[in-house]
Amino acid sequence: MLTAAEAARALGISLDTLRRWDKAGKLRVERDAANRRVVPREEVERLRGAHGDETISARNRFRGVVRSIDFDGLLARVEIDVTEPARVVAIVTREAAEELGLEPGASAAGVVKATSVMVER
């Protein structure tokens, strides 16, 4: 179990955001004997995705769930519902989308670098 502050830090969000996610049902929390929020490690791992320790130069990363993928010839339009109140849309090659195994409901992250959005899984 992680304290709310530890979980927020691991997810790269504020404590206020963690509280909002709890109230909105986006995050499963429990309460300790003093009625403080505690978060199971598995819940943090679920939200971070299977590979939460990637190293990359881009600092703007938005974890979320693939909402839809539209293929058009060599391109794939990937729409990700991020866990923050925002949505990230990326245009990637069809090959990249297939290699990543992207499908609606899959965990993914949009990594923003300059004016481009890359997708990682």
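Author: The turns below set computed values against their definitions.

Reader: What kind of model is this, and which residues count?

Author: This is a predicted model, in which local features need pLDDT of at least 70, side-chain atom pairs count only at pLDDT 80 or more, and totals for chains, interfaces and linings use all residues. Residues are numbered from 1 along each chain as its sequence is written, and side-chain values use heavy atoms, with hydrogens and water left out.

Reader: How many helices and strands are there?

Author: The protein has 4 helices and 8 strands. Both are DSSP runs: helices are H or I with at least four residues, strands are E with at least two, and numbering starts at the N terminus. Along the sequence the pattern reads β-α-α-β-β-α-β-β-β-α-β-β.

Reader: Why are α1 and α2 called roughly perpendicular?

Author: Helix α1 (residues 4-11) and helix α2 (residues 15-24) pack at an angle of about 100°. Their axes are 9 Å apart. Axes are lines fitted to C-alpha atoms, for helices over the stretch in contact, and angles run from 0 to 180 degrees between N-to-C directions. Under 35 degrees is roughly parallel, over 145 roughly antiparallel, 65 to 115 roughly perpendicular, and the rest oblique. Therefore α1 and α2 count as roughly perpendicular.

Reader: What makes up the contact of α1 with α2?

Author: From α1 come Ala 4, Ala 5, Ala 7, Ala 8 and Leu 11. They meet Leu 15, Leu 18 and Trp 21 in α2. Contact means heavy atoms within 4.5 Å. The residues of this contact divide into 8 nonpolar, no polar and no charged. Here Ala, Val, Leu, Ile, Met, Phe, Trp, Tyr, Cys and Pro count as nonpolar, Asp, Glu, Lys and Arg as charged, and the others, Gly among them, as polar.

Reader: Why is Ser 68 called buried?

Author: Buried means under 20% relative accessible area, exposed over 50%, and partly exposed in between (1.4 Å probe, protein chains only). Ser 68 has 19%, so Ser 68 is buried. Ser 68 is found in strand β4. Leaving out residues up to four places away in sequence, Ser 68 touches Arg 77, Val 78, Glu 79 and Pro 104.

Reader: What about Gly 101: buried or partly exposed?

Author: Gly 101 has a relative accessible area of 32%, so Gly 101 is partly exposed. Gly 101 is found in the loop between α4 and β7 (107-113).

Reader: How much of the protein is buried?

Author: Buried residues make up 36% of the 121 residues.

Reader: What makes a set of residues a nonpolar core?

Author: The residues must be buried Ala, Val, Leu, Ile, Met, Phe, Trp, Tyr or Cys, joined through side-chain atoms within 4.5 Å. In the largest core, of 14 residues, Val 66, Val 78, Val 92, Leu 102 and Val 119 touch the most other members. The elements that give two or more residues to this core are β4 (60-72), β5 (75-82) and β6 (87-93). The largest share, 4 residues, comes from β5. Apart from this core lies another, of 13 residues, among them Leu 2, Ala 7, Ala 8 and Leu 18.

Reader: Which residues does Val 119 contact?

Author: Leaving aside neighbours within four places in sequence, Val 119 is in contact with Ile 80, Ala 90, Val 92, Leu 100, Leu 102, Ala 108 and Ala 109.

Reader: How do you know that Arg 36 and Asp 32 form a salt bridge?

Author: The rule asks for a side-chain nitrogen of Lys or Arg within 4 Å of a carboxyl oxygen of Asp or Glu. The closest N and O atoms of Arg 36 and Asp 32 are 2.9 Å apart, and the pair forms a salt bridge. Arg 36 is exposed at 53%. Asp 32 is partly exposed at 25%.

Reader: Where do Arg 46 and Glu 43 lie?

Author: Both lie in helix α3 (residues 41-48), 3 residues apart, about one turn of the helix. Arg 46 is partly exposed at 46%, whereas Glu 43 is buried at 8%.

Reader: How many salt bridges does this rule give?

Author: The count comes to 10.
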